[in-house]
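Visitor: I'm new to this one. Could you walk me through how to read it?

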Amino acid sequence: MSPVRVLLFCFLCTSSCASELRERALRLMARDPLIDGHNDLALQLRILHNNKLSHIRLYNLSNVATDINRLKTGRVGAQVFAAYVMCTAQEKDAVRLTLEQIDVIQRMCTSYPDLELVTSAQGLEQSTKTACLISIEGGHSIDSSLATLRMFYQLGVRSMALTHTCNTPWAESSSNIYSFYPKKNQSLTSFGEAVVREMNRLGMIVDLSHSSWDTARSVLEISTAPVIFSHSSAFAVCQHNRNVPDWLLVMLKEKRGLIMVNMHSGFISCGEKGNISVVADHFEHIRKVAGFESIGIGGDYDGASKFPDGLEDVSKYPALIQELVRRNWTETELAAILRRNFLRVFKEVEKVRDRQSSQPPSEAEIPLADAANPCRLILTRPVSGSVFRDASSSNVNVLTCSVVSSVLLPFLLLLLLLLLPTAV
Ligand SMILES: [Zn+2]
């Protein structure tokens, strides 16, 4: 055979093999559509459109990596949307901003017929549309309040990352770019443990992406339900502190948890660029250490800017599955990483919730000294016999802020009256 014929033969063979692999990947994804553990479209809606959904059509959005058409092309059957607010909102208006992000996800997922907001494993499993789940990305969103955590659950939030890139007063981040709450014990405080236990009681999935490794270890030790890393990759393949080291992967496997592999080039190849092959290397490494039952996919689209060639947006997921098919991953393994592992974890989290249904909500409070900051109104009990004591009840809380104003305000008014004639 002439060299030209050999080349032509190889080309035809390769392209027909590729199309066969692609067909197999698409068939698998039709049967088990992807549950993607992390997406930041809501953040982009805030940045680019100030959350004004009436100004845009979600089928085809420019300047982002996610829209309804591309979710469908990518065979994404369910998307966990992050309600994320920046760490700079900690000690300020993080709770309001989080509510606004939950609001935009709710409006998005209830106003388009192709989307469906779900809040249970059963709802997720049965949805015939692109199902939406809401997660919170960063414990600063609850402002150290279990009541706030519970209200977020009532609004449909089913997962929360304990930290983003800042420490909270009760948990520590993998990052040290912010100076909030300097590290003390490299881990969780006792209030942090109460947050984890309350999330277990509520049926909210604990997400350890962005947490420090020691915080993750503590959570894995105390959580009674499986936990997830919603968008992290393997540290052994890319040495970034957002990724998960092997010893944590082993713990995660023992606790039946899940690591949903992040596609961002910075966590895949520790650089600007990456390719599908390196992404597949992360999957293979995690399978070797923790088994395929511990793996999911959490793309992080619209939360980062650099993605590997061939995986630029949510429409490209079939190319990843095609590569894993090429590497001889079995149908059982692929169905598990696409969808079934996450469903299993979610169901186990719900079971833990159901087992604790008779347990009352936690009334644990963070020690005042731990959460003290200038923007937090400190509520104190009145001192017995104090002039500020409420006449109707000795247990009524008095705002120190009100106390200050009740003392200072009359004094300032008097001063003003005395100065008024001079001023005129
Ligand atoms: Zn993130």
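Guide: Let's go through it feature by feature.

Guide: This is a predicted model: local features need pLDDT of at least 70, side-chain atom pairs count only at pLDDT 80 or more, and totals for chains, interfaces and linings use all residues. Residues are numbered from 1 along each chain as its sequence is written.

Visitor: What is the average pLDDT of the protein chain?

Guide: pLDDT is the predictor's confidence in each residue, from 0 to 100. The protein chain averages 89, and 86% of the residues score at least 70. Over residues 387-413, though, pLDDT stays under 50, and the model has 19 contacts there beyond four places in sequence (a contact means C-beta atoms, placed from the backbone, within 7 Å). Where pLDDT is low, the predicted coordinates should not be read in detail.

Visitor: How many helices and strands are there in the protein chain?

Guide: Helices (H or I, at least four residues) and strands (E, at least two) are DSSP runs, numbered from the N terminus. Here you get 15 helices and 11 strands.

Visitor: Is strand β1 buried or exposed?

Guide: A residue is buried with 20 or more other C-beta atoms within 10 Å of its own, exposed with 12 or fewer, and partly exposed in between. In β1 (residues 34-39), six of the six residues are buried, so the strand is largely enclosed by the rest of the structure. Across the protein chain's 424 residues, 44% count as buried.

Visitor: Which strand does β1 pair with, and in what sense?

Guide: Two strands pair if DSSP finds at least two bridges between them. β1 pairs with β2 (residues 76-83) in the parallel sense, over four bridges. Asp36 stands opposite Gln79 in β2.

Visitor: Where is Lys92?

Guide: Look in the loop between β2 and α4 (94-111). Lys92 has 16 other C-beta atoms within 10 Å, so it is partly exposed. Lys92 and Cys375 are 283 residues apart in sequence, yet 6.3 Å apart in space, C-alpha to C-alpha.

Visitor: At what angle do α2 and α4 cross?

Guide: Axes are lines fitted to C-alpha atoms, for helices over the stretch in contact, and angles run from 0 to 180 degrees between N-to-C directions. The axes of α2 (residues 41-49) and α4 come within 10 Å and cross at roughly 105 degrees. The two helices are therefore roughly perpendicular (65 to 115 degrees). Ala42, Leu45 and Arg46 of α2 meet Gln101, Val104 and Ile105 of α4 in this contact.

Conventions. Angles under 35 degrees count as roughly parallel, over 145 as roughly antiparallel, 65 to 115 as roughly perpendicular and the rest as oblique. Two residues are in contact if their C-beta atoms, placed from the backbone, lie within 7 Å.
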